[in-house]
Amino acid sequence: MLMYMTLRAQDGHVFDAYVAGEETARSGIVVIQEIFGVNSHIRDVADFFAAQGYRVIAPALFDRVQAKVELGYTQKDIQKGLELRSEISQEQVLQDIAAAAQALDKQSSVGVVGYCWGGTLAWLAACKIPAVKAASCWYGGGLAQVAHEQTTVPVQMHFGELDKSIPASDIELIRKAQPDVEMFVYAGVDHGFGCDQRGSYDKAATELARLRTISFFAKHL
């Protein structure tokens, strides 16, 4: 049975979040969605990290605009997701992520992992949310535009070599701006390689990136 909880952001916004893992888990992880909502893929990701022993919360960031958004990966879904994303400010979405992190108050430390839009938000969360102690950012679209932000917590980033939305020039810009960030570029794979519902899915790259993410969180949380 799917488990959800209700969260309240600092500005009073009330929204849903998918929950997985034991309440007694030592550490917690906030899973940050793509532009497709907390769909079956994001729930699968949350369940994966819960199986590693974490308490996991995946906040429904689109609830500020439309409740219970679960999109697929067609061009029509992409357009809808982009429209929804455009109606939410960075400040609002970071408040929602902060509320999810604060809801993991029974855990000794909290990390964030995000995908695409969520990959960039994971980086911003590491920079701006004190409760976040580590961040793993998967193919964060737009990361180059916020690479100047600063954080004091460990951050790991994963990119696909063939990702046209995050070209090699952007990756190099991020690398120069953040030389202390652990960064991996996966040869021969495209954007969204970690989602088994997309044509760009790459099993080997996903398994390696997950192994690196698990090891990273085991070290820092």
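Colleague: How many strands form the open sheet, and in what order?

Modeller: In this predicted model, 8 strands make up an open sheet, and they are ordered 1-2-4-3-5-6-7-8 with mixed pairing. The edges are taken by strand 1 (4-8) and strand 8 (182-186), each of which pairs on one side only. From one strand to the next, the twist averages 25 degrees.

Colleague: Which helix packs on the sheet, touching strand 1?

Modeller: That is helix 3 (residues 90-103), which touches strand 1 and also strand 2 (14-20), strand 3 (27-32), strand 4 (55-59) and strand 5 (109-115). The direction of helix 3 makes about 120 degrees with that of strand 1.

Colleague: And strands 6 and 7, do they run parallel or antiparallel, and how many bridges join them?

Modeller: Strand 6 (residues 132-138) and strand 7 (residues 155-160) run parallel, and 4 bridges join them. To give one partner pair, Ala-135 is bridged to Val-155 in strand 7.

Colleague: Where is Lys-68 found? Buried or exposed?

Modeller: Lys-68 is found in the loop between strand 4 and helix 2 (75-86), and it counts as exposed because its relative accessibility is 67%. Neighbours within four places in sequence aside, Lys-68 is in contact with Asp-16 and Asp-63. Lys-68 and Gly-37 are 31 residues apart in sequence, with their C-alpha atoms 7.8 Å apart in space.

Colleague: Switching to rings, how many aromatic pairs does the structure hold?

Modeller: The structure holds 13 aromatic pairs. One of them joins Phe-48 and Phe-49, whose ring centres are 5.1 Å apart and whose planes stand at 75 degrees, so this pair is edge-to-face. Both Phe-48 and Phe-49 are buried.

Colleague: What about Tyr-54 and Phe-217, how are those rings placed?

Modeller: Their centres are 6.4 Å apart and their planes are at 65 degrees, so the Tyr-54 and Phe-217 pair is edge-to-face. This pair links distant parts of the chain, since Tyr-54 is in the loop between helix 1 and strand 4 while Phe-217 is in helix 6 (residues 203-220), 163 residues apart. Tyr-54 counts as buried because its relative accessibility is 8%, and Phe-217 counts as buried because its value is 0%.

Colleague: Which residues do the ring pairs link into a cluster?

Modeller: The cluster is made of Phe-48, Phe-49, Tyr-54, Phe-216 and Phe-217.

Colleague: Which residues touch the most other members in the largest nonpolar core?

Modeller: That core has 82 residues, and Val-30, Val-31, Phe-49, Ile-97, Trp-123, Met-157 and Phe-217 touch the most other members. Helix 4 (residues 117-128) supplies the largest share of this core, with 8 residues.

Colleague: What is Val-30 in contact with, leaving aside its neighbours within four places in sequence?

Modeller: The contacts of Val-30 beyond those neighbours include Ile-57, Pro-59, Ile-97, Ala-100, Ala-101 and Leu-104, and also Val-110, Gly-111, Val-112 and Val-113.

Colleague: Is His-41 buried or exposed, and what does it touch?

Modeller: His-41 is found in helix 1 (residues 40-51), and it counts as buried because its relative accessibility is 2%. Not counting residues up to four places away in sequence, His-41 touches Glu-34, Tyr-73, Gly-194, Cys-195 and Gln-197.

Colleague: Last one, where is the place of Ile-88?

Modeller: Ile-88 is in the loop between helix 2 and helix 3, and it is buried because its relative accessible area is 10%. Leaving aside neighbours within four places in sequence, Ile-88 is in contact with Leu-61, Phe-62, Arg-64, Val-65 and Val-93. By contrast, Ile-88 and Gly-111 are 23 residues apart in sequence and 23 Å apart in space, C-alpha to C-alpha.

Notes. Residues numbered from 1 in each chain as written. Predicted model: local features only at pLDDT ≥ 70, side-chain atom pairs only at ≥ 80, totals over all residues. Heavy atoms only, no water. Pairing = 2+ DSSP bridges. Helix = DSSP H or I, 4+ residues; strand = E, 2+ residues; numbered from the N terminus. Axes fitted to C-alpha atoms, helices over the stretch in contact; angles between N-to-C directions. Contact = heavy atoms within 4.5 Å. Buried < 20%, exposed > 50% of the residue type's maximum accessible area, 1.4 Å probe, protein only. Phe/Tyr/Trp six-rings, centres within 6.5 Å; stacked < 30°, edge-to-face > 60°. Core = buried A, V, L, I, M, F, W, Y, C linked by side-chain atoms within 4.5 Å.
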